[in-house]
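Please look at the sequence and the three-dimensional structure shown here, and keep both in view while reading. The paragraphs below proceed step by step.

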Amino acid sequence: MINENIDRTVSILPDERLERVPAWGGASYSLSHVYRPTTIEQLQAVLKLARKNGRSIGLRGGGNSYGDAAMNAENILLDMRRMNRILAWEPENGRITVEPGVTISQLWQYILEDGWWPPVVTGTMMTTVGGCAGMNVHGKNAYQAGPIGDHILAFDMLLANGDIITCSRDENSDIFHAAIGGMGILGIFTAITMQMKRVYSGLLDVETETRPNLAAMFSYFEENLENSDYIVGWMDAFAKGDALGRGDVHKASYLPPGADPAPSQTMRLENQHLPSTMFGIVPKSIIWLGMRPFMNNPGTWLINNAKYHAGRLFGPKRSRQPHAAFHFLLDYVPDWKKAYGAGGLIQYQPFIPKETAQDAFREILQLCQTRRLPNYLTVFKRHRPDDFLLTHALDGYSMAMDFRITKRNRERIVNLAREMDEIVLQANGRFYFAKDSVLRRETAVAYLGQSVIDQFRALKQRLDPDNLLQTNLWRRVFG
Ligand SMILES: Cc1cc2nc3c(=O)[nH]c(=O)nc-3n(C[C@H](O)[C@H](O)[C@H](O)COP(=O)(O)OP(=O)(O)OC[C@H]3O[C@@H](n4cnc5c(N)ncnc54)[C@H](O)[C@@H]3O)c2cc1C
C-alpha cells in the first residue's frame, strides 16, 4: 500500500508541496501535493489549479481516520486545519457555526464555560468538525444521541465548480443527508452550524465495573440504556471459553441542575485539562516508549489480563469525572500509536444488529484467536439507526478492534478481515469508512445495497461531474 512512485514528468505542481502523508494508523502512506488554505478564495484557487493540472483533490481534516479516507496519492490534498475560526456562537440557545478545521478540542473549550458541551465527541479531541461531519462520527452516547449529523442544523458546501450551496433538512435535503458521512466526495464543507448540549456541571457521574463474559457485557448494555447517557465497554480479546468477551464497562450520566454545588468551578477549563504527567512524575510524552515492549501477543495478553483482574479485585467504582477526562481517555497518552512499531496498526469496526450481534462477535473473537491474530484493543458500543445515506449505524452494537501490522502478518490480517467480512455480512452488519483500510468493493455493495450506491453516484455526477474530489478510499471502494 506504500505509494511513493510519482511521475514527475507530468507534474507541474510545485515540488515543495510534496509531502509523505500517513494513514492515522501508520500502516500506509501516500505522496501528495498538500495545500493548507485559510479562506474560501484560496480553496477556489486550488480547485482551479487542480483542473488546470488534471489532478484530483482529496480533503483532510485532522487526519484521524485510521485508513486511507483522508489521503489522495499522487494528487492534491487539502489540509483544512487552518480554516479554524468560530463564526458565530449563541450561548443563550447553544447554536454554533464553525469553519470545518475547528477541532473538537477547540469546540468544547470554547463553549463549556457557558454551560454547553458538544452533543457528540470522538475518543480523541484532535478531530476536526469537518472531518467528523465527513464521516458522521459517533460517541459513547450513540444509542442516545445518534451520530454528529443528527445535531448538524445546516452547512455551507463549496462545490467542485466553485459555487457554494447551503444544505439543511429543509434545503437541499438530499445533499444534506449524503454529504454528512459522504467522505468528502461531494463537496467541501466551509461552515457548519450545530446544536450543542446544555450541561449543568463540568462533571459526569461515572460508574465502572467488570463483566465476566460476552453475554454479561450485552446484558449490561441492554439493562442500562434507559438510565445512562454514555456507555462504553472494553474487552479482553485474549479471554477464551466461558470468559470469552469479558471486560470492563464504563457508564456515565450528566448531572441534573443543582447536583453540582459549584458548576461554575467545575466548568472552568483548568479543571478539565488532562494531567501532563502520569503518577505525577512520568511525562506523558514518553509513556508510549514504555508501552512498546508490551506490543506483542504475550505482552498484550499480560496487560489485558492484569487490567481485567485489577478491575475485579477493586470492584465496582463510582466517581465524578470531568467531561474531558471521561471522553478523551486515548489522549492521555500522546502518540500511543507509536508503541505499535514501524508497521503501525489498522482498525476493524463492524456494526451488527442487536439480534445477531452476540453470536457474530463471539464468532469473530474466536476466529481471531484461531488464526493467532488477537486484536490488542477492543472497544464495544451501542448504536441507533439514522437517516444518512451512507450510514454505518444501526439498532445494534459495534466492536472496534485494533490489529498491529508487521511485515510478516500484513497479508494474514487482510485474509482475516475477509473472513470477518463474511461473518458481518451473514449477520446483516455494516462497516465504517473512518476506520476502514481493507474493505472491498463487493462487500460495500453487499451491505450498502446497489440502489444506495447508485443514489450517491447520481449526486456525485450532479455535483462533481469531472470527479475532481477523490481519495484513496473512494478509488479503492467505489472505483
Ligand atoms: C484515537 C481515535 C479515536 C477515535 N474515536 C472515534 C469515535 O469515538 N467515534 C468515531 O466515530 N470515530 C472515532 N475515530 C475516527 C475519527 O473520529 C474519524 O475518522 C474522523 O472522521 C476524523 O476526523 P478528522 O478531522 O481527523 O478527519 P480526517 O480523518 O482528516 O477526514 C475524515 C473524512 O472527512 C473528509 N473531510 C475532511 N474535511 C472535510 C471538509 N471540510 N469537507 C468535507 N469533507 C471533509 C475527509 O476527506 C475524510 O473522508 C477515532 C480516531 C482516532 C484516531
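Predicted model: local features only at pLDDT ≥ 70, side-chain atom pairs only at ≥ 80, totals over all residues.

Residues are numbered from 1 along each chain as its sequence is written, and side-chain values use heavy atoms, with hydrogens and water left out.

We begin with the interior. In soluble globular proteins, nonpolar side chains tend to be buried together. A nonpolar core is here a set of buried Ala, Val, Leu, Ile, Met, Phe, Trp, Tyr and Cys residues joined through side-chain atoms within 4.5 Å. Buried means under 20% relative accessible area, exposed means over 50%, and partly exposed lies in between, with a 1.4 Å probe and protein chains only. The largest nonpolar core of this model has 113 residues. Those with the most contacts inside this core are Phe 155, Met 157, Met 183, Met 194, Phe 361 and Phe 433. Its largest share, seven residues, comes from helix H11, residues 354–370. Helices (H or I, at least four residues) and strands (E, at least two) are DSSP runs numbered from the N terminus. A second, separate core of 17 residues includes Leu 13, Tyr 35, Ile 76 and Leu 468.

Which residues does Met 194 touch, not counting those up to four places away in sequence? They are Gly 94, Arg 95, Ile 96, Val 98, Leu 107, Val 129, Ile 148, His 151, Ile 152 and Leu 153. Contact in this sense means heavy atoms within 4.5 Å.

A polar side-chain atom of Thr 128 lies 2.6 Å from an oxygen atom of the ligand. A polar backbone atom of Gly 131 is 2.9 Å from a ligand oxygen atom, and a backbone N or O atom of Met 183 lies 3.1 Å from an oxygen atom of the ligand. How much of the ligand's accessible area does the protein cover? The protein covers 98% of the 970 Å² that the ligand has on its own, with accessible areas taken from the Shrake-Rupley method with a 1.4 Å probe; for residues, only the protein chains shown count as cover.

Helix H6 (residues 214–224) may be examined next. Its buried residues are Leu 214, Ala 216, Met 217, Phe 218, Tyr 220, Phe 221 and Asn 224. Their cover includes strands E12 (203–211), E13 (230–235), E14 (247–254) and E21 (396–404), as well as H11 and E20. At the start of H6, a side-chain oxygen of Asn 213 reaches to within 3.3 Å of the backbone nitrogen of Ala 215.

Asn 304 is found in helix H9, residues 297–314, and counts as buried because its relative accessibility is 4%. Beyond its neighbours within four places in sequence, Asn 304 is in contact with Trp 234, Met 235, Asp 236, Ala 237, Phe 238 and Tyr 376. Pro 374 lies in the loop between H11 and strand E20 (377–383). With 11% relative accessibility, Pro 374 also counts as buried.

Finally, consider the backbone. Most residues other than glycine have a negative phi, and most peptide bonds are trans. Asn 136 has a positive phi of about 55° although it is not a glycine, and Asn 428 has a positive phi of about 60°. Asn 136 lies in the loop between H3 and helix H4 (142–145), whereas Asn 428 is in the loop between helix H12 (410–426) and helix H13 (441–448). Is each of these residues buried or exposed? Asn 136 counts as buried because its relative accessibility is 3%, while Asn 428 is exposed because its relative accessible area is 59%.

Terms used:
Polar contact = N/O pair within 3.5 Å; in protein donor to acceptor, adjacent residues only side chain to side chain.
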